[in-house]
Amino acid sequence: GQPFLQYVVARPLYSEDAFTDEHEKIHRHHKTLRHHVKQYFTLTKNGVCVNCSCDLKRAKNAALSLLPFIGWMRIYQLKEWLLSDIVSGVSTGLVAVLQGLAYSLLASLPPWYGLFTAFFPVIIYFFLGTSRHISVGAFPVLSLMVGAVVTRLVPDEGPPVNITGFEGLTSDEQRVMVAASVTFLMGIMQLAMGLLQVGFIVMYLSDTLVSGFTTAAAIHILVSQLKFVLGLVVPGLSGPLSIIYTLEKIFVQIEKTNVCDLVTSILIMVVVFIVKEINDRYKAKLPVPIPIEVIMTVIACGVSYAFNFRVIYKVDVVGRIPVGYESPMAPNMQIFGQTAVEAFPMAIVGFAVAFSVAKVYSVKHDYIIDGNQELIAFGASNIIGAAFKSFAASTALSRSAVQESTGGKTQIAGLLSALIVMVVTLAIGFLLEPLPKSVLGAVVIVNLKGMLMQIREVPYLWRRDRPDCVVWVVTCLASILLGLDLGLAVGLGIELLTVVFRAQFPRCSVLANITGTDIYKDRKDYMSIYEPEGVKIFRIPSPIFFANIDFFRGKLVEVGFNPLRVLRKRNKALRTIRKLLKKGELSGPIEESEDESNMEELDQPTDFKDLPVQVNWNSELPANIQVPRVDVHSLILDFSAVSFLDISALKGLKAALKELIRVEVEVYIVACDEYILEKLHSCKFFDDEVKSSMFFLTLHDAMLHILEKHPVNSENTKILNGNFEDFERNIRKCHSYHVFIF
């Protein structure tokens, strides 16, 4: 095999103070908040630009940032890309028409409003979005969340909520007003987050949380579509346990199932599922995926029209689709107040899903997307779309996959898909009027396969990372039972709790030297280790803050002993010895004083000034005085993984260090971050007891320093799987020349 590579480094032994004295640092100027604000805003005085930042280059960059389509339009390869974008645009447009109609049912709106959602947001995103491949429009999870708001304010059974502006409107018009208003508010929230540069907020939605949430959403969607598949009249419900009540209402009237709807749905689902599997298996050989949903929809439309399903079999069909677009509508301010709580999670979920899909395609096709600009793009898309009565827009995974897999290169494909939707809206929408709603329900259910199959992640998470598994399961169950908005909040809370739990109770370890090296590993994991007598190395693997400082102090006690208890015992022993010396009775059995009236004195450093001799606490004391034995003379704290300390942790750490120092244990802190050292100095951490000389550059530096002060004892030193003479020769070389040998 290949021989081991070796290197030898000879250098002085460094404490932090020695290293700082020998190597001059560059003093960097840290920018304040005021400096950052100045960078974003140009100061003006008497109408004259002071910073003179309004030059041509800055204006050009601002235009490219706000209108990203300019960037890729300048490099558009007409001959190579145009045909691919046309094919992709037509394919995506047909799917967008079908999904727009289907997802409108999820939003509890008349089907044709889904066509508006597949048109207006796409046009706006073309100009403002940074992704070249996602297909903007209705997303089933968002549509369901909109539907929950709609059915809460305008229920199927009973009067609507008392809102100014509902007077004189039909039930459908009231629902459209609610959907448009909540979408407008969602857009305002997304736009505001984009302008405030808080696109990072999606980082708090982990993949595990999103997976559990979307799986629960898929179950909600499945249940909501059962009424169309079975041909039943079931009122839309929202709120906690709504899924249970919906299932109850379905099963109560299961005998009223429309057999024609059920057979049609099963047939559609089976055919679409099989062809989709063929598309997946042979995607490398197929020039474009078979648009089976579109084909089956056309066939279902023709059959329904030919056999008059609506009249003969009482099948519920799409019905009249108005020609053209409706006039713009202002949002209702009263609805804003009623729906603000639901609008915020919708804004977050819509952006998080779209950004995660966009990120996948940007990595695959090697271009950059901007999270903040995406927020601005979706915010503007939803605001303008809502004005024209569309509902919440994001991206559907299946539709985006069609746009990318059929060869789409840029958002020209998205623009063409919007034109296809426009043609349907303006000219040929009437052809879809005989389409059974059960067909749309079947298409929606088949497209849930990807989200429902995420449940397979649970066994893997349970084996690999149980806290993540808890996040997945709790998020999924809470979203199913409490509703998507409350479920997302519960999931986020559980996720943050797991982060706190991991930081508050990390896996601390005691390290040992790997024999013959300067490498230190967990003593439980390796056979050939070296542990000098009286030296303990304690590794802290997380930030130290108010919530875990007591945990670390407890772990330190487990490593060796309780220093405060030992200190108190020693001071009580000294108090007893002084009394006996005064009486001249320092012989014979003496009971230890239990007087603890002044505990503060017992916590102070041991004072030998009026004693004729120094007390050796590890030897046998006179008069049968018992004090716990301390076998540790040096403790090394490995701070290499400590990224920050807060003020509470500073106080707790200093108290712990003083307790150890007062029982004559030398404490060394190694590999401490420069930022933490600066903070310690600025917070007046050091004093006569806790000194900066305890900080060393590396763990091995501290170990060599300890071995210099406390030479190795062959009888008591613990070496596993090694010869002491060989080790002593190795360590003497390191000790004499401070050489690291690998």
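Which residues does leucine 511 touch, not counting residues up to four places away in sequence? In this predicted model, leucine 511 touches Tyr520, Lys521, Asp522, Arg523, Ile537, Arg539, Asp638 and Leu699. Leucine 511 sits in strand β6, and its relative accessibility is 6%. It counts as buried because that value is under the 20% cut-off. One of its contacts, aspartate 522, is 11 residues away in sequence, yet the two C-alpha atoms are 4.4 Å apart in space.

From here we can walk across some paired strands. Strand β6 covers residues 509–514 and runs antiparallel to strand β9, residues 535–539, with three bridges joining the two. If you want a spot to look at, find serine 509, which stands opposite arginine 539 in β9. Arginine 539 is also among the residues that leucine 511 touches.

Now step from β9 to strand β10, residues 634–638. This pairing is parallel, and it has five bridges. Two places to check are valine 535, opposite serine 634 in β10, and isoleucine 537, whose bridge partner in β10 is isoleucine 636. Keep going and you reach strand β11, residues 666–670, which pairs with β10 in the parallel sense, again over five bridges. Here leucine 637 stands opposite isoleucine 669 in β11.

Time to turn to the helices. Helix α15 spans residues 333–365, and threonine 339 is found in it. With a relative accessible area of 0%, threonine 339 is buried. Setting aside neighbours within four places in sequence, its contacts are Val149, Arg152, Leu153, Val182 and Leu185.

Further along α15 comes a meeting with helix α16, residues 371–387. The two pack at an angle of about 125°, and their axes are 10 Å apart. That angle makes α15 oblique to α16, and α15 passes α16 in a right-handed crossing. At the meeting point, Phe351, Ala354 and Phe355 in α15 face up to Gly371, Glu374, Leu375 and Phe378 in α16.

What about the nonpolar interior? In soluble globular proteins, nonpolar side chains tend to be buried together. The largest nonpolar core here has 107 residues, and the members that touch the most others are Ile134, Val141, Val146, Val178, Met346 and Leu440. Helix α15 gives the most to this core, with 15 residues. There is also a second, separate core of 37 residues, which includes Ile544, Ile549, Leu645 and Ile676.

Apart from neighbours within four places in sequence, leucine 440 is in contact with Leu98, Leu101, Ala102, Leu105, Val318 and Leu435. It is among the buried residues of helix α19. What does the covering? The elements over those buried residues include α5 (78–106), α10 (207–230), α12 (259–281), α13 (292–307) and α20 (449–452).

Note on methods:
Residues numbered from 1 in each chain as written. Predicted model: local features only at pLDDT ≥ 70, side-chain atom pairs only at ≥ 80, totals over all residues. Heavy atoms only, no water. Pairing = 2+ DSSP bridges. Helix = DSSP H or I, 4+ residues; strand = E, 2+ residues; numbered from the N terminus. Buried < 20%, exposed > 50% of the residue type's maximum accessible area, 1.4 Å probe, protein only. Contact = heavy atoms within 4.5 Å. Core = buried A, V, L, I, M, F, W, Y, C linked by side-chain atoms within 4.5 Å. Axes fitted to C-alpha atoms, helices over the stretch in contact; angles between N-to-C directions. Parallel < 35°, antiparallel > 145°, perpendicular 65-115°, else oblique. Left-handed = near helix turned anticlockwise from the far one by under 90°.
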